[in-house]
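Take a look at the structure below. We will walk through it one piece at a time, starting from a single residue.

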Amino acid sequence: MSGSANSLSRPAGAAPARSLGEGLPALLGIAALVLVAWAVPWLKFVLTIALAKGIAVLGILLLLRAGQVSFGHAMFLATGAYTVAFVAPFQTEALLLLPLAALLATLLGLAVGLFVVRYRDIFFGMLNLALSMVLYSLLEKLYEYTKGTDGIRVSVLTFAGLRPERETQEWLMFGLALLLAVLFGLLVRAYLASPMGRALAGIKTRETRLEFMGVSARRVLLFAYVLSALMGGTAGALVAMTSRHVTPQLAYWTSSGELVFIAILGGAGSALGPFLGAAAFELVRVYAAAAVADAWQMILGAVLLLVILFAPGGIWGMLAGRLRRSA
Amino acid sequence: MMAWFAENSLLLGLALLDGLAYAALVFMVAVGLNLVFGVLRIVNVAHGSLFAIGAYTAASLGLFFASRGLPPWAGYAALILAACLVGAVLGPLIERLVLRRIYGQEEVLQLLVTFALFMILEDVQKLVWGVQPISQDLPMKVLGTVDVPFGEDVIPFTIYQLFVLPGVAVAVLAGLAWFLRRTLTGRVIVAVTTDKEAAMAMGIDAAKVTLLTFTFGAGLAALGGALASPTTSLVPGIGAQTIVLSFAVVATAGLGQIEGAALTSLLIGLGRSVAVYFAPEFEVVVPYIIMVAVLLVRPQGLFGVLETRRV
C-alpha cells in the first residue's frame, strides 16, 4: 500500500486521533446534536435516523478493520426493522421490542457468520450481498406476510407502559438512539483496544501470521461479525420505531452500500466516524433531495468520490488533522 | 420422478428455451465484469449502470431511426451503435478520470469509488430518460416467431430470443476466446491479468492495456443492455438488478474465467427460468442459492483456482 495517508491502512493503535482523545469531540458532538434537534424540530427525525444508521455503521467499521467489506449488512438492519413491524401488533412495548429485534439479528448474524467468515475479500463481500438479496426477495415476494413492496406500517408503540404524546415520543426515540449510540461507541472503542479487536487488524495484514500465533482468524472475525449484526439489528429496530414504516428496500444491496459509504465518509479511524458520516449523509440527502429532487443520489455519489479521492481519512480524519495541526 | 418429467415436459421445455435467452444476456454482462476485474483488480459496481445506459441508448436510437422512416432492420444497427457509443464514450471517461486515480489503493475504497459512480450514473440515467417505462421492441418483432413443437402442442417463440440472443452470446464467447488467445493485443491483456509487474518489465504499456480492457468491458455491458432492450420495457433500477446478478455469476464461476462464466451463466439462467415456471416466488432467489451452494462446496468458485496463501 502506498503512503496515501489512508486511515484504513493505519494500524489501530497508531491512529493520531486516539492520542488526541475522542472524549471532548464526542461530548461536543452530543451537545451539538441535542441543540440542533431542539432548535430545528423537524431535523430531530433526520438525526434519530442518522444515529441509528451510525450504530449499524459501527459494525461495518469492525469488519473494515479486518479489511473485509460487507455489501449485505442491510440484511441485519432489515431483520431488526421487520421484527419490530411483525411483533408490534402483539407487543407494543418499545423497550421489549428493541432487545428482541437485536437478539434475532444477532442470531441471524451467528448463522450467516459461521458460513461467511470462511471467505475473504471479494467472496466475503459477494456472499453477504447474495444472502441479503435472498432476504430482500423473500420480503418482497411473500406478499401475504410482508405486504411486498408496500411494506408494513408499525403500530403505535408504548414506552415503559406509557403512550406519550407525539412530540414526547420523538424526543424519546431521539434520546434512546443517542444513548445507544454512546453505549455502542464505547463498546466498540473498548473492543478495538482489546486483544480480540487488535487481532482484527491482523486478519487484514497477514492472516497466516495470526494463525501461527495460535489465534483462530475465523473466530476473531466471527466475533466481530456477530457484534456487527447485533448493532445492525439495533439500528433497524430504531429505524422502524422512528419512521414507523418498513419496506423491503431496507434490505436491498444499495442500502448495504450506503452503510459502507457512511463508514468511509465519516472515516474508519475512530468510533466517532460512523456518526459524523451518518449525520453528514442524512443531512446531505435531505437538503439535496429538497433542492434537486431527481439528483440527490448524484450529489451523494459525487461527495463520496471527492472524499475518497481527496480526503481518504473521511470527515473524522480531516477534523483530527486540523486539531492536530492547531495543537 | 420420470412421470413428473413426462407430465411437465412442456413447461420444462419452455423454461429451457427462456433460460437460454436469459443466460445469453447475463453472460455478456458477467464476462465484461470478469474481464475488467482480471486486469484492473476492481469489481466494478457501475458495470450494471453501463448495461442500463446501453439499453436506454439502444431504445432511443431505435425510436429515432424508426421516426426517420428507416426500415425496421435499422433497429439492429441501433443496437450495435448504442453498444459501441456507450463503450467508447463512457469507458475511457470513467477509466481516465476516476479509476486511474485509485489503482493500488485498498479494495474497499476501489469498490466504493465504483459504487459512487453507480449512484451518479443512476441519476444521470433518470435525468436523461426519465422514470416512465420506455419500450422499443421493433428488432424483436421484425424477425417474427417460430413455432416450436412440444409433443402435440405448438408454442410460438420469438426468433430473436430463440436464435439471435444465444447466437450473439456464442459469437462473443468464441470471439473473446480467439481474441485473448490468438491475437497479440489479447495475449498482452492476458499477460497483464496474470502478472502485471512481469508484463510491465517486458515493456508492456499497462496503462494502455487497462484503458483498452475497461473500454471493451464497458462495451460488452452496453451490448448486453442493448440486446436486452427489445425484450423488456426499461425502467429505473434495471442496472442495480443486473449488477447483483452478474456478481453472482462471476463469484460462482470463479474470478477470471471466460468459459466458466459462460457455463455458470447457463446454469443460473436455466435455474432462474425453471423457477419462473415452477416456483415463481423464488425466481429472484435462485441465482443466489446456486451461488451460496457452489461456494459452500468450492470456496474458490466452480472454475476458480486456489490462490496460495502468503506468509
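Begin with A:Gly257, which sits in helix 12 of chain A, a helix covering residues 253–266. The model is a predicted one. Is A:Gly257 buried or exposed? A:Gly257 counts as buried, because it has 25 C-beta neighbours inside 10 Å, and 20 or more are enough for that label. Now set aside the neighbours within four places in sequence. A:Gly257 is then in contact with A:Phe71 and B:Phe115. One of these contacts, B:Phe115, belongs to chain B. For a sense of distance, take A:Lys147. A:Gly257 and A:Lys147 are 110 residues apart along the chain, and their C-alpha atoms are separated by 25 Å.

Follow the contact across to chain B. Here 38 residues of chain B are in contact with 44 residues of chain A. Which helices of chain B each supply at least two residues of the side that touches chain A? They are helix 5 (107–129), helix 11 (238–253) and helix 13 (286–297) of chain B. Helix 5 of chain B gives the largest share, with 16 residues. By class, this side of chain B has 27 nonpolar, two polar and nine charged residues.

Stay with helix 5 of chain B for a moment. It has 23 residues, which at 1.5 Å a residue should span 33 Å. The end C-alpha atoms of helix 5 of chain B are 33 Å apart, so the two values agree. After helix 5 of chain B comes B:Gly130, with a positive phi near 75 degrees.

Most residues other than glycine have a negative phi. B:Arg41 is not a glycine, yet its phi is positive, about 60 degrees. B:Arg41 lies in the loop between helix 2 (9–40) and helix 3 (47–67) of chain B. It is partly exposed, because 15 other C-beta atoms lie within 10 Å. A:Asp121 is not a glycine either, and it has a positive phi of about 55 degrees. A:Asp121 is in helix 6 of chain A. With 14 C-beta neighbours inside 10 Å, A:Asp121 counts as partly exposed.

What about helix 6 of chain A as a whole? It is mostly covered, with 16 of its 21 residues buried. Helix 6 of chain A runs over residues 121–141 and should span 30 Å at 1.5 Å a residue; its end C-alpha atoms are 30 Å apart, which agrees.

Next comes helix 8 of chain A, residues 166–193. Its 28 residues reach 41 Å from the first C-alpha to the last, close to the 40 Å expected. The buried residues of helix 8 of chain A include A:Met173, A:Phe174, A:Leu180, A:Phe184 and A:Tyr191. What covers them? The cover includes helix 2 (23–39), helix 3 (43–65), helix 9 (195–205), helix 11 (217–243) and helix 13 of chain A.

Now see how helices pack. Two packed helices are described by the angle between their axes and the distance between the axes. Return to helix 12 of chain A. Helix 12 and helix 13 (residues 273–291) of chain A pack at about 110 degrees, with axes 7 Å apart. They are therefore roughly perpendicular to each other. Their crossing is right-handed. Among the residues making the contact are A:Ile262 and A:Leu265 of helix 12 of chain A, and A:Phe275 and A:Phe281 of helix 13 of chain A. The contact has nine nonpolar, three polar and no charged residues.

Helix 4 of chain A, residues 74–87, packs against helix 11 of chain A at about 45 degrees, with the axes 6 Å apart. These two helices are therefore oblique to each other. Helix 4 of chain A passes helix 11 of chain A in a right-handed crossing. The contact includes A:Phe76 and A:Gly80 of helix 4 of chain A, and A:Gly232 and A:Met241 of helix 11 of chain A. By class, it holds 12 nonpolar, seven polar and no charged residues.

Helix 4 of chain A also packs with helix 5 (residues 94–116) of chain A. The angle is about 140 degrees and the axes are 8 Å apart. That makes helix 4 of chain A oblique to helix 5 of chain A. This crossing is right-handed. Among the residues that meet are A:Phe76 and A:Gly80 in helix 4 of chain A, and A:Leu97 and A:Leu104 in helix 5 of chain A. The contact has 10 nonpolar, four polar and no charged residues.

Key:
Residues are numbered from 1 along each chain as its sequence is written. Chains are lettered from A and ligands numbered from 1 in the order in which they are written. This is a predicted model: local features need pLDDT of at least 70, side-chain atom pairs count only at pLDDT 80 or more; totals for chains, interfaces and linings use all residues. Two residues are in contact if their C-beta atoms, placed from the backbone, lie within 7 Å. Helices (H or I, at least four residues) and strands (E, at least two) are DSSP runs, numbered from the N terminus. Ala, Val, Leu, Ile, Met, Phe, Trp, Tyr, Cys and Pro count as nonpolar, Asp, Glu, Lys and Arg as charged, and the others, Gly among them, as polar. A residue is buried if 20 or more other C-beta atoms lie within 10 Å of its own, exposed if 12 or fewer, and partly exposed in between; C-beta atoms are placed from the backbone. Axes are lines fitted to C-alpha atoms, for helices over the stretch in contact, and angles run from 0 to 180 degrees between N-to-C directions. Angles under 35 degrees count as roughly parallel, over 145 as roughly antiparallel, 65 to 115 as roughly perpendicular and the rest as oblique. A crossing is left-handed if the near helix is turned anticlockwise from the far one by less than a right angle, and right-handed if clockwise. The expected span of a helix is 1.5 Å times one less than its number of residues.
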